Amino acid sequence: MSAPTVFVVDDDAAVRDALSLLISLKGLRVSTFSCGEDFLAVYEPRWRGCLLTDLQMPGISGLELQRQLAERGITLPVIVLTAHGDVATARAALKSGAVDFLEKPVDDDVLIDVLENAIRVDEERYRAQALELHVSQRLERLTARERDVLLLLSEGLQHREIAARLAISPRTVEVYKARMMEKLQCRTLAEVVRIGAEARLRPAQ
Amino acid sequence: MTQFTSAAVPAPLLGRWNYRSWAAAAAYIALYVLCDWLSYVQPVLKLGITPWNPQAGLTLIFLLTVGPQWLGCTALASFLAELLVRNASPTSLLVLAASVWIALGYGGLAALLRHWHLDHHHPIRTTAAAAKFAGACVGVTIVIAAGYVVLFVASGVLPPEHALRALPKLLIGDLTGVLTLTPLLVSTRPWGAAPSVWRQHHWQLLGQLAVLILSVWLIFGLPVTLQLRFFYLAFVPVIWISLRWGLPGGLLATLILQVGLIIAVQDETPSPLIDLQFLMLTLSLTALLLGAAVTERAGVLQRVAMREAEQRALLTMSPDGVLAIDAHGRVRMANPAALELFGAGGGLAAATSLREWLPDLTLQEPVGRATLQGRRTDGRNFTADIAWARLDPPANAGFMVTVRDATERLRLQGEARERDAGVARAMRFAVAGELASALAHELNQPITALVSYLRASDILAAPFSRENERLKTTLGKAAHEAMRASEVLRRLRDFYRTGTLKREPVHLPTVCGSVAVAFQDRLRRANASLVTHMGGPLPMPQADAMQLEIVLHNLLANALDAVCHSTKARRRIELHVGGDAEEVFLRIEDCGPGVAPDLAGKLFEPFVTNKPDGMGLGLAISRSFIRASGGELTFEPSGRLGGACFVVRIPTRGPAES
């Protein structure tokens with residue numbers, strides 16, 4: 001995982017230079033590209049951060065760049081920055097997944113807000129992906145009995161009801177529950193219920 | 001093959017020498033001999049001279065109708081007459097030669113008259129034709145008579161000292177016969193009307209006949225010494241009848257008169273014979289020329305009457321007012337349309353001056369046009385399109401003037417001008433908008449950089465601004481001003497933005513029609529043609545009609561410019577309009593030089609043009625208009641015409657709303 005970076009794509013060299021200077025002074029990492037093709041050519045999946053792109057450029061336009069990113073499954077948040085703001089293009093940009101739409105010239109506070117927000121969105125997305133990976137790893141460690149207890153618990157059943165359902169003693173249920181919670185690193189029942197809900201979506205192999 | 005040829009050769013001969021001609025020839029020969037016998041009064045100097053020779057006229061009639069190639073019959077008839085009437089010797093070479101000479105002479109005359117179209121197909125209707133006919137007859141008969149006399153002198157029958165005396169007598173008899181009979185009988189056409197004339201006017205005709213007979217009786221009823229003294233009386237009925245009935249009547253009267261004279265002089269020959277001959281010739285000539293003049297006049301009158309009737313009908317029907325103006329500027333005639341235009345329902349008042357109706361019109365040029373105010377009799381004015389022409393010299397009495405109410409024309413012109421002005425206004429607005437938009441875009445880039453640099457400077461200057469507050473505020477002000485400049489641009493752009501888009505179902509044929517009409521003059525001046533194809537039933541797309549008109553206007557103007565730069569002989573622009581339930585398209589193709597490949601890619605960007613005086617905004621505006629309606633404007637090379645092709649596509653449901 002690399003440090004979050006703002007990737008700036010703009011055909012105007014002065015705009016590129018000024019924006020990267022401003023953004024870096026605001027404490028964010030910046031990388032610039034003069035066109036969408038260049039960005040697509042060197043992109044690596046491990047890159048974190050957000051994409052700040054101009055709309056009208058020679059070669060592929062901002063909207064086209066957005067479309068190609070989506071096609072490749074790249075979830076980097078896109079912010080469209082245009083000198084030609086009108087409702088129709090803004091709508092088109094937002095519809096195809098841009099997180100925000102800014103008009104040139106843009107106020108630095110607004111810009112930094114939007115960029116930080118986009119980076120946060122990216123981080124959350126990343127963490128959610130990581131968590132998901134984590135949960136499924138932990139679920140794999142459960143035994144069949146422990147998994148049954150987890151599922152029934154998350155359905156809201158009492159220990160005695162679970163014992164009756166599984167034809168074991170309530171005492172044994174408590175043992176399974178303690179072991180299961182330890183394996184899942186859960187401290188509260190609420191966490192158990194949440195993971196249980198996810199486990200139901202992913203049946204054991 | 002040989003059989004076929006031998007059978008085929010005589011065919012034209014048989015066709016030409018048909019039995020009707022032979023029957024005519026036989027009748028002619030019999031009549032000739034009969035006429036000779038009837039008109040032969042006395043032998044004069046052994047030449048067979050008679051006061052008049054009807055057989056000469058008969059001969060010319062025969063040769064004119066069946067053709068001069070039949071002159072053999074004339075020789076035969078003449079020879080037979082000599083034998084039978086004057087008991088000439090059948091072996092006389094002189095008589096034979098004389099007959100052949102006469103036949104040749106009349107054959108020649110017939111050929112000449114045919115050549116001049118004075119035959120039975122062309123009745124004499126004018127004095128010019130009558131004079132030509134008389135002249136030809138006089139000339140040829142002189143030649144015939146001279147040859148005849150020479151023959152007789154040469155053969156020793158006639159003493160040379162008598163030759164000059166015999167010549168006129170011989171000549172005048174023949175001439176009288178020809179002049180009286182030939183024009184009378186050669187044409188059957190005027191006689192077609194004879195039965196109806198007889199039915200209507202038989203009392204008059206009988207009276208005229210009686211006067212004719214009376215005049216003959218008066219001439220010859222007197223003792224022989226006084227005869228011919230009253231011959232001039234014969235002119236009275238002949239002139240009367242000629243004046244009344246024209247050429248056929250006059251010649252018929254002369255014929256009757258001459259037959260009467262022959263009958264009258266059978267018993268006692270007036271002396272001298274030449275007096276009678278000259279009088280008869282004069283009578284014939286008078287009847288011929290006077291009758292022709294009367295016939296001609298009747299024809300002229302009829303034609304004039306016909307033309308007048310046509311003109312009257314034309315004037316009555318004419319939707320335009322027509323005025324005849326005399327030399328003093330008074331309205332001599334006004335047709336119904338003119339009376340209606342000027343509100344003179346009651347008809348044309350006597351001595352109406354043109355000044356009352358068209359006060360501003362001055363008729364100085366021989367031909368002219370003007371648009372000016374006309375004044376109705378009720379005092380109201382109207383705008384009139386006027387055209388006038390001076391009448392030609394014989395009728396040099398004034399002018400003909402046509403008047404047309406120009407109100408409707410001016411109204412339509414005004415509407416067209418207003419439309420054009422509306423389009424031009426919308427176009428100017430669109431140009432300004434496109435300009436503002438392009439300007440905003442181009443300037444926003446450096447302003448963005450500027451603002452960002454200033455903000456960066458602000459951050460970079462932070463350590464110093466603690467000591468120098470003014471640096472921080474100055475940088476802040478600079479950034480603020482840059483933002484303000486950008487704001488000005490934004491407002492300018494918003495002002496011209498196509499926010500006032502009117503969306504309604506557009507009837508494409510109407511839009512195309514009105515643009516085509518607007519281009520008519522320019523196309524004509526450029527000698528270019530615009531061909532419009534409308535395919536099938538067209539759906540009505542949701543769009544702004546005015547904007548679409550501007551787009552079409554731009555594209556057509558480009559096409560016209562392009563074809564004007566083309567060297568092709570035929571400057572052609574095609575507009576294809578078609579569509580289906582989903583979308584409509586308009587394709588404008590031209591035969592111009594097309595678009596250079598380096599230009600084609602950025603054709604629709606603002607300020608891109610290949611015209612020296614162009615702004616390069618037309619296509620940019622057109623594309624933004626079409627896109628605002630959810631459509632697309634594209635360029636491709638024209639395959640068929642070899643120039644450029646622009647395609648407008650507009651969805652029928654309008655832009656997708658979401």
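In this predicted model, 13 residues of chain A are in contact with 17 residues of chain B, where two residues count as in contact if their C-beta atoms, placed from the backbone, lie within 7 Å. On the side of chain A that touches chain B, the largest share, 7 residues, comes from helix H1 (residues 13-25) of chain A. The residues of that side divide into 9 nonpolar, 1 polar and 3 charged; here Ala, Val, Leu, Ile, Met, Phe, Trp, Tyr, Cys and Pro count as nonpolar, Asp, Glu, Lys and Arg as charged, and the others, Gly among them, as polar.

Residues are numbered from 1 along each chain as its sequence is written, while chains are lettered from A and ligands numbered from 1 in the order in which they are written. Since the model is predicted, local features need pLDDT of at least 70 and side-chain atom pairs count only at pLDDT 80 or more, whereas totals for chains, interfaces and linings use all residues. Helices (H or I, at least four residues) and strands (E, at least two) are DSSP runs, numbered from the N terminus.

Chain A contains an open sheet of 5 strands in the order S2-S1-S3-S4-S5, and the pairing is parallel; two strands pair if DSSP finds at least two bridges between them. Strand S2 (29-33) and strand S5 (100-103) of chain A are the edge strands, each pairing on one side only. Neighbouring strands of this sheet are turned by 20° against each other on average, direction ignored. Within the sheet, strand S1 (residues 5-9) and strand S3 (residues 49-54) of chain A pair in the parallel sense over 5 bridges, and A:Val9 stands opposite A:Thr53 in S3(A). Helix H5 (residues 108-140) of chain A lies across S1, S3, strand S4 (78-82) and S5 of chain A, running at about 135° to S3(A).

In the loop between S5 and H5 of chain A lies A:Pro105, which a cis peptide bond joins to A:Lys104, with omega of about -10°. Most residues other than glycine have a negative phi, and most peptide bonds are trans.

Further along chain A, helix H7 (residues 159-166) and helix H8 (residues 170-184) of chain A pack at an angle of about 100°, with their axes 8 Å apart. That angle makes H7(A) roughly perpendicular to H8(A), a term used for angles of 65 to 115 degrees. The contact brings A:His159, A:Arg160, A:Ile162 and A:Ala163 in H7(A) together with A:Pro170, A:Val173 and A:Glu174 in H8(A), and its residues divide into 4 nonpolar, 1 polar and 2 charged. In the loop between H7 and H8 of chain A is A:Ala167, whose phi is near 55°, a positive value in a residue other than glycine. A:Ala167 is exposed, with 6 other C-beta atoms within 10 Å; a residue is exposed if 12 or fewer other C-beta atoms, placed from the backbone, lie within 10 Å of its own.

Chain B has an open sheet of 5 strands too, in the order S7-S9-S10-S12-S11 and with mixed pairing. Strand S7 (528-534) and strand S11 (632-637) of chain B stand at the edges with a single partner strand each, so one side of each is left without a neighbour in the sheet. Strand S9 (residues 571-579) and strand S10 (residues 583-590) of chain B pair in the antiparallel sense over 7 bridges, and B:Leu575 stands opposite B:Ile588 in S10(B). Helix H18 (residues 545-564) of chain B packs on the sheet, touching S7, S9, S10 and strand S12 (644-651) of chain B, and helix H20 (residues 618-628) of chain B packs on the sheet as well, touching S11 and S12 of chain B.

S10(B) and S12(B) run antiparallel and are joined by 7 bridges, with B:Arg649 in S12(B) as the bridge partner of B:Phe585. S11(B) and S12(B) form a hairpin with 6 residues between them, and B:Gly642 in the turn has a positive phi of about 85°.

Technical notes. Axes are lines fitted to C-alpha atoms, for helices over the stretch in contact, and angles run from 0 to 180 degrees between N-to-C directions. Angles under 35 degrees count as roughly parallel, over 145 as roughly antiparallel, 65 to 115 as roughly perpendicular and the rest as oblique. A residue is buried if 20 or more other C-beta atoms lie within 10 Å of its own, exposed if 12 or fewer, and partly exposed in between; C-beta atoms are placed from the backbone.
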